[in-house]
Amino acid sequence: MSPKIAVPQTLAAAGKQLLKDHGLTVVELPDQKVSTLLELAPDAMGVILYTAPFPNETIEHMPNLKIIARNGVGYDNLDVPYLNAHGIAVTITPLANAGTVAETTMASILALSKQLVTATNEMQAGHWAAARQHHGFDLAGKTLGIIGYGRIGKMVEKKMSALDMRILVTSPHATTAKFGTVVDRDTLLRESDVVTLHMPVRPETKHSIAAREFELMKDSAVLINFARGAVVNTPDLVTALKTGAIRGAALDVFDDEPLPQSSPLYDLDNVLMTPHIASNTVECTNRMATDAAQEIIRVADGKQPQWPVH
């Protein structure tokens, strides 16, 4: 019997086929619940995982598990040191989605600055005159602040540099920026008209964008979060949006996903929300699925993975 690999049912077909072509048995999971994984594939050698939590105790019921391959780059849903200590590799797909997430970030900035979604909704409701009352703002001549200067942050910088914006960058490890200027975090927050977040979730970044940061920002500025919901203090963001401490926000990630219908974010008309779709293109989903599958195959063949997280 060939090793079993548990994958989400919605994983791009290219990834599933790659595993099958290598002689591995693919078990498709209808949801992301740990209980489903343990019911259908407790003997799996590998798991391809989305963003759902993976409690440490899960491995006690999976004696054959050798690798968890994230279909993406974030791994805050995994206790990597614990898994590594128990001989389980954790991998990501760092080359698959940076360009796509940067494009989607750029699209959200353009949509928010030009009030495209609000105007579209008003027009479709038959409110032609009202739709024209929602004024946007130009990006040319404004300042873009990028917090986080990894692959995605650098790609956002490159693409946004074509829009005649002044670009500021802040990151613990950045000393120079190709198209912008590296500044300290407070300077970036004070001077930027658009602040876009691209840092990972770590103890020092969790809820690091909160009331103090919104007070530093211009009341005409907007916040873009395509990183992780946990880097922003959501109650403080809601307050900032309600009181006019900042002009608006575009959010693709949230503390709780799916975002509960009870969230006060739904009641705000100055926030653009999308359901964690920054990498949701045909090309990108195929790249992530095949890259994750390749990591599983390497481990199945007794090789070291190419993109392990330590």
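1. The axes of helix 1 (residues 13-21) and helix 11 (residues 282-300) approach within 7 Å and cross at roughly 25°. Axes here are lines fitted to C-alpha atoms, for helices over the stretch in contact, with angles from 0 to 180 degrees between N-to-C directions. Angles under 35 degrees count as roughly parallel, and helix 1 and helix 11 are therefore roughly parallel to each other. The crossing of helix 1 past helix 11 is right-handed (the near helix is turned clockwise from the far one by less than a right angle).

2. The model is predicted: local features need pLDDT of at least 70, side-chain atom pairs count only at pLDDT 80 or more, and totals for chains, interfaces and linings use all residues. Residues are numbered from 1 along each chain as its sequence is written.

3. UniProt, in an unreviewed entry, places "domain: D-isomer specific 2-hydroxyacid dehydrogenase catalytic" at residues 10-309; such annotations may be inferred rather than shown by experiment. Over residues 10-309 the chain is 34% helix and 14% strand, with the end C-alpha atoms 24 Å apart. Helices (H or I, at least four residues) and strands (E, at least two) are DSSP runs.

4. The second largest pocket (an open set of 1 Å grid points with protein on both sides within 12 Å along at least five of seven lines) has a volume of about 340 Å³, the space filled by probe spheres of 1.4 Å set on the points. Of its 20 lining residues, those closest to its centre are L112, T118, D269, N270 and V271; lining means an atom within 4 Å of a point.

5. Helix 5 (116-124) gives the largest share of this lining, four residues. Helix 4 (98-113) and strand 12 (271-273) each supply at least two.

Notes
Heavy atoms only, no water. Parallel < 35°, antiparallel > 145°, perpendicular 65-115°, else oblique.
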